[in-house]
Amino acid sequence: MYSPSDPLEVSRPFVTWQRILDWGQEHYRYRTFSKDERIPTRPGLLYLVERGAIRLVGTSQVSASPNFSGSQCSHQNMEEAFLGFIGAGQPFEIVALSPFTLQAYSHVEQTAVVWMYWDDLDNWPHFRREILDAFRLQHQRKLLWLSTLGQRRTIDRLLGFLILLVEEFGEPCEQGYCLPFPLTHAQIGSAIGSTRVTVTRLIGKLRQRGIINTHKDNLICLSGDSVPKITPN
């Protein structure tokens, strides 16, 4: 489950993590971001979330619709798709592959990020192994995400998506398990291939069934019975 000290920091010696933070500040590779502020990223760099949470989004210029407006295509507003969160202690990187574009945003206030080149990890061989293990786990989570998106019914995609998020980041609460940060219905819709209106309607149905509740600050919670795989810390 998610906590400010998870996931890498559980096994990482505090001294090692502190040295990395000191190194980042010394080399001007450490910065704190405001909520919804875009993270200036570029391919080839490794990013570490020291505090807060990162929201990954993607855009694509691929379209099956005919376009007769010529150069006007570049002026169209591209819709962003929510691709997931990167929590405290987790690494991420941005891959450039035209016509797809990936971007990272600070999802909560005071999100702190350290960045470095992969070669910089030569200074911390044990930490390099932790980073590779973290990326392996992220890959496994993405496979589960893809399996959820393959569900035919939108309500199944919605519930599966929320279960995956709560399994990874959820914190115990009175209602069950709750996401530690807000997520809009529009962001959920973009993640599961639906619309904000549909997500709002389906969340209402799940709330009537007692599967979903709303915690303080409109945080999404799932009942413990709805997520049998989750166990308290």
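Leaving aside neighbours within four places in sequence, which residues is Gln187 in contact with? They are Arg55, Phe82 and His107, where contact means heavy atoms within 4.5 Å.

1. **Basis.** This is a predicted model, in which local features need pLDDT of at least 70, side-chain atom pairs count only at pLDDT 80 or more, and totals for chains, interfaces and linings use all residues. Residues are numbered from 1 along each chain as its sequence is written, and side-chain values use heavy atoms, with hydrogens and water left out.

2. **Overall make-up.** The protein chain has 5 helices and 12 strands. These are DSSP runs numbered from the N terminus: helices are H or I with at least four residues, strands are E with at least two. Of the 233 residues, 44% count as buried. Buried means under 20% relative accessible area, exposed means over 50%, and partly exposed lies in between (1.4 Å probe, protein chains only).

3. **Contacts and surface.** Take the contacts in the protein chain with a separation of 6 or more: 78% of them join residues 24 or more positions apart. The accessible surface is about 13000 Å². Carbon and sulfur atoms hold 52% of that surface. Areas come from the Shrake-Rupley method with a 1.4 Å probe; for residues, only the protein chains shown count as cover.

4. **Helix H4.** Gln187 lies in H4, residues 185–192. Its relative accessibility is 17%, so Gln187 counts as buried. Just after H4, Gly193 takes a positive phi of about 75 degrees.

5. **Aromatic pairs.** Rings of Phe, Tyr and Trp (its six-membered ring) pair if their centres lie within 6.5 Å; planes under 30 degrees apart count as stacked, over 60 as edge-to-face and the rest as tilted. The count by this rule is 11 aromatic pairs. Trp17 and Phe127 form a tilted pair, at 6.5 Å centre to centre with 40 degrees between the planes. This pair links distant parts of the chain: Trp17 is in H1 (residues 14–26), Phe127 is in H2 (residues 125–149), and they are 110 residues apart. Both Trp17 and Phe127 are buried.

6. Trp23 lies in H1 and Trp124 in the loop between strand S8 (111–117) and H2, so the pair ties together parts that are 101 residues apart in sequence. Trp23 counts as buried at 11% relative accessibility. Trp124 is buried too, with a relative accessible area of 11%.

7. **Aromatic cluster.** Phe82, Phe85, Trp145, Phe161, Phe169 and Phe181 form one cluster. Phe82 is also one of the contacts of Gln187.

8. **H2 against H3.** The axes of H2 and H3 (residues 154–169) come within 8 Å and cross at roughly 160 degrees. H2 is therefore roughly antiparallel to H3. Axes are lines fitted to C-alpha atoms, for helices over the stretch in contact, and angles run from 0 to 180 degrees between N-to-C directions. Angles under 35 degrees count as roughly parallel, over 145 as roughly antiparallel, 65 to 115 as roughly perpendicular and the rest as oblique. Residues that meet include Trp145 of H2 and Phe161 of H3.

9. **H3 against H5.** These axes come within 10 Å and cross at roughly 75 degrees. H3 is therefore roughly perpendicular to H5. Thr154, Ile155, Leu158 and Leu159 of H3 make the contact with Thr198, Val199, Leu202, Ile203 and Leu206 of H5.

10. Most residues other than glycine have a negative phi, and most peptide bonds are trans. Tyr28 is not a glycine, yet has a positive phi of about 60 degrees. Tyr28 sits in the loop between H1 and strand S1 (30–33) and counts as exposed at 72% relative accessibility. Asp36 has a positive phi near 70 degrees. Asp36 is in the loop between S1 and strand S2 (38–39) and counts as partly exposed at 40% relative accessibility.
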